Amino acid sequence: MTLKSKEVDRAWGKLGMEIKNTGDVHAIFRYKGKLILRTKRSFGSKSLDGNIPRFIRQQMKLNPSQFKDLIDCPLTLEKYISILKEKGFIEDE
């Protein structure tokens with residue numbers, strides 16, 4: 001799978017991930033102030049190929065079809081939170 005960096009950036013933005021530009025672009029997902037996960041991509045990359053999309057997907061705790069839905073836009077923040085709760089990364093209140 002090859003992705004454009006802007007597709008990943010848009011998906012991270014849709015999920016409200018905290019973005020930090022250092023040597024790489026780091027994305028941090030917090031839920032109710034608690035750190036849930038981190039991921040990153042290279043700063044200068046226009047396209048992400050090889051294993052990079054798979055690493056990002058795994059760090060975001062998504063299976064291939066869920067990650068495709070995130071990139072293609074049907075996956076909402078609410079659904080993403082639901083997925084993380086089902087997988088035990090977010091505790092139900």
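1. Basis of the values. The model is predicted, so local features need pLDDT of at least 70 and side-chain atom pairs count only at pLDDT 80 or more, while totals for chains, interfaces and linings use all residues. Residues are numbered from 1 along each chain as its sequence is written, and side-chain values use heavy atoms, with hydrogens and water left out.

2. Salt bridges in total. The structure holds five salt bridges, a salt bridge being a side-chain nitrogen of Lys or Arg within 4 Å of a carboxyl oxygen of Asp or Glu. Elements named below are DSSP runs numbered from the N terminus: helices (H or I) of at least four residues and strands (E) of at least two.

3. Arg41 and Asp9. In this salt bridge the closest N and O atoms are 2.8 Å apart. Arg41 belongs to strand E4 (residues 34-42) and Asp9 to helix H1 (residues 5-14), and the pair links distant parts of the chain, 32 residues apart. Arg41 is buried at a relative accessible area of 8%, whereas Asp9 is partly exposed at 30%. Here buried means under 20% relative accessible area, exposed over 50%, and partly exposed in between (1.4 Å probe, protein chains only).

4. Glu18 and Arg30. A salt bridge of 2.9 Å, N to O, joins these two side chains. Because Glu18 lies in strand E2 (residues 18-21) and Arg30 in strand E3 (residues 24-31), the pair ties together parts that are 12 residues apart in sequence. Glu18 is partly exposed, with a relative accessible area of 29%, and Arg30 is partly exposed as well, with 39%. Together with Lys20, Glu18 and Arg30 are linked in a network of salt bridges.

5. Asp72 and Lys68. The closest N and O atoms of this salt bridge are 2.5 Å apart. Both residues lie in helix H3 (residues 64-72), four residues apart, about one turn of the helix. Asp72 is partly exposed at a relative accessible area of 45%; Lys68 is partly exposed at 46%.

6. Packing of H1 and H3. Two packed helices are described by the angle between their axes and the distance between the axes. The axes of H1 and H3 come within 8 Å and cross at roughly 90 degrees. Axes are lines fitted to C-alpha atoms, for helices over the stretch in contact, and angles run from 0 to 180 degrees between N-to-C directions. H1 and H3 are therefore roughly perpendicular to each other, the range for that term being 65 to 115 degrees.

7. Residues at the H1 and H3 contact. Glu7, Val8, Arg10, Ala11 and Lys14 in H1 meet Asp69, Leu70 and Ile71 in H3, contact meaning heavy atoms within 4.5 Å. By class, this contact has four nonpolar, no polar and four charged residues.

8. Thr39. Located in strand E4, Thr39 is buried, with a relative accessible area of 3%. Its side chain makes a polar contact of 2.5 Å with that of Gln59; a polar contact is a pair of N or O atoms within 3.5 Å, where within protein one must be able to donate a hydrogen and the other to accept it, and residues adjacent in sequence count only if both atoms are side-chain atoms. Not counting residues up to four places away in sequence, Thr39 touches residues including Trp12, Met17, Val25 and Ile56.

9. Ile81. Helix H4 (residues 77-86) contains Ile81, which counts as buried at 14% relative accessibility. Ile81 touches Phe29, Tyr31 and Ile90, not counting residues up to four places away in sequence.

Key:
Parallel < 35°, antiparallel > 145°, perpendicular 65-115°, else oblique. Nonpolar A, V, L, I, M, F, W, Y, C, P; charged D, E, K, R; others polar.
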